[in-house]
Amino acid sequence: MPRKRKNILLITSDQQHWNTLGFRNPEISTPNLDRLAAQGTTYNRAYCPNPTCTPTRSSIITGQYPSQHGAWSLGTKLSEDQRTVGEDFTAAGYRTALIGKAHFQPLASTEEYVSYESYPILQDLDFWRKFNGPFYGFQHIELTRNHTNEGHAGQHYGVWLEENGCDNWRDYYMKPAGSMDPAERHKWRIPERFHYDAWIAERTNALLAEYVDNDEPFFLWSSFFDPHPPYLVSEPWDTMYDPDKLTLPTVTKGEHDANPPHFGLTQQTNPDFSAFGETGKGMIGMHSHVHDEQELRKDIAVYYGMISLMDKYIGKILDQLDRLGLADDTVVMFTSDHGHAFGHHGLIAKGPFHYEDLLRVPMIVRHPEQKVRGQVSDALQSLVDCAPTFLGLAELPIPRSMTGIDQSAVWLGEMERIRDHILCENHHEPTLIHLKTYVDDRYKLTVYYNREYGELFDLQEDPGELRNLWNDPRAAELKSKLMLRYIWAELGKEPMWMPRVSGA
């Protein structure tokens, strides 16, 4: 009897701090992700290749770094010519689908770079009633683009809302989709049954049932939007956590004195970031991060509520796997596209600040054949490894264009680790906001294009990243060694496009 092929279920959140899982943070409740962790492996050292959405999401499906696949920043587009993991699974006879957030394309469309995720097509529900793919290697897609009440709501989610009797759905969104007052914060009036978490879980579970009925293997991505700000969540999740009982991350006096200049500017009330602008586009994170403590506490409480609500619907998906008898044939991976700061180092949200809070992501893998369950691993993981590892687990060929590493032996428990370093990129302006970070088991080095400043942290002795050793004379030899390792890592990520020829 032929061996049954493994299914792949990828579940992602959006902009979730790595330490917001209940089994390692007693201040938050995530019983379903805790259950997944107890049945699988939690990776403590998982990193994104870029701390923004489009670049990392494109890396997940291409197995390439942003500097290679071309979608290097928000506002860019992943070319339809790029080979994606969905194409490889489709060619192997798998059903492939993406439900939720894609963000491979920008909100603005041009004649040269046409975007399906842009206005006005974004809210042309008649178009989305008829279009479900193909899209970047996914045979079937159901999308929306909004984070909570953002005015980008529409696409397949808008269609679903109307089909399920939410005729006034525009009341819950800001312009141009709707008419919600932007001053409303924290409590989102949309009933939970119409929340996009409910939509993602319902549509995911419907596809899972369809795959079972047709006896088809699948690669399915359930892509949640939370806890990405704005901080809004339906009742009763908005009051689930007491703001005054939560730990508030803070800045340490003097910690930015040795950092590059944009770090200190964030702690000013009216900073001047004009020296960093080249294109006139928005510079993510380059603004004042000064905040009110009580307001931030409420934001954190709602951020946690958003995670707990999402956890509920992730649980419904995990329950469906059990109900349909799929758990023994399905690899489940949970992660987030990048991290989030909510007061860490005095910062809010994201930007060109390569702290662990922004680069590390939660990551749990459950494989039916893994040797030990409920374990925690410090093996380095990168989201650029997702595509080649999914193919490796399915015993499918890995394209030479993929520069991520096949981690399947680690995920199965056959090897303790396979990576010895991580690379993270951040290219938001042509030259002035362009940085890359090298991370190994102990150290982190960040370099800036055409700049003599940088960052060097000893994550073992200084896990809070409070002492930048870049200009410390005592660390000069260490910095030289790490610079060389970083250069080797850059050289080593080049794809093997052509087969080796004997004697060449």
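Helix 11 (residues 386-393) is largely enclosed by the rest of the structure, because 8 of its 8 residues are buried, where buried means under 20% relative accessible area, exposed over 50% and partly exposed in between, with a 1.4 Å probe and protein chains only. The model is a predicted one, in which local features need pLDDT of at least 70 and side-chain atom pairs count only at pLDDT 80 or more, while totals for chains, interfaces and linings use all residues. Residues are numbered from 1 along each chain as its sequence is written, and side-chain values use heavy atoms, with hydrogens and water left out. Helices (H or I, at least four residues) and strands (E, at least two) are DSSP runs numbered from the N terminus.

The buried residues of helix 11 are Cys386, Ala387, Pro388, Thr389, Phe390, Leu391, Gly392 and Leu393. Aspartate 385 belongs to the loop between strand 14 (381-382) and helix 11, and with a relative accessible area of 2% aspartate 385 is itself buried. Its contacts (heavy atoms within 4.5 Å), not counting residues up to four places away in sequence, are Gly404, Ile405, Gln407 and Arg419. With arginine 419 the side chain of aspartate 385 makes a polar contact of 2.8 Å; a polar contact is a pair of N or O atoms within 3.5 Å, of which, within protein, one must be able to donate a hydrogen and the other to accept it, and residues adjacent in sequence count only if both atoms are side-chain atoms. From aspartate 385 to arginine 323 the C-alpha to C-alpha distance is 30 Å, the two being 62 residues apart in sequence.

Helix 11 is followed by glutamate 395, whose phi is positive, near 60°. Leucine 396 lies in the loop between helix 11 and helix 12 (408-411) and counts as buried at 17% relative accessibility. Leaving aside neighbours within four places in sequence, leucine 396 is in contact with Asp88, Phe89, Ala92, Tyr94 and Leu391. Its C-alpha atom is separated by 34 Å from that of lysine 444, 48 residues apart along the chain.

Threonine 96 is found in strand 4 (residues 95-100) and is buried, with a relative accessible area of 1%. Its side chain reaches the backbone oxygen of glycine 137 at 3.2 Å.

Most residues other than glycine have a negative phi, and most peptide bonds are trans. Here the peptide bond from glycine 133 to proline 134 is cis, with omega near 5°, and proline 134 is found in the loop between helix 5 (125-130) and strand 5 (140-143). A cis bond also runs from glutamate 235 to proline 236, with omega near -5°, and proline 236 is placed in the loop between strand 8 (232-234) and helix 8 (261-265). Histidine 186, although not a glycine, has a positive phi of about 75°; histidine 186 lies in strand 6 (residues 186-188) and counts as buried at 9% relative accessibility. Glutamate 465, likewise not a glycine, has a positive phi of about 55°, is found in the loop between strand 18 (454-458) and helix 13 (476-492), and counts as buried at 2% relative accessibility.
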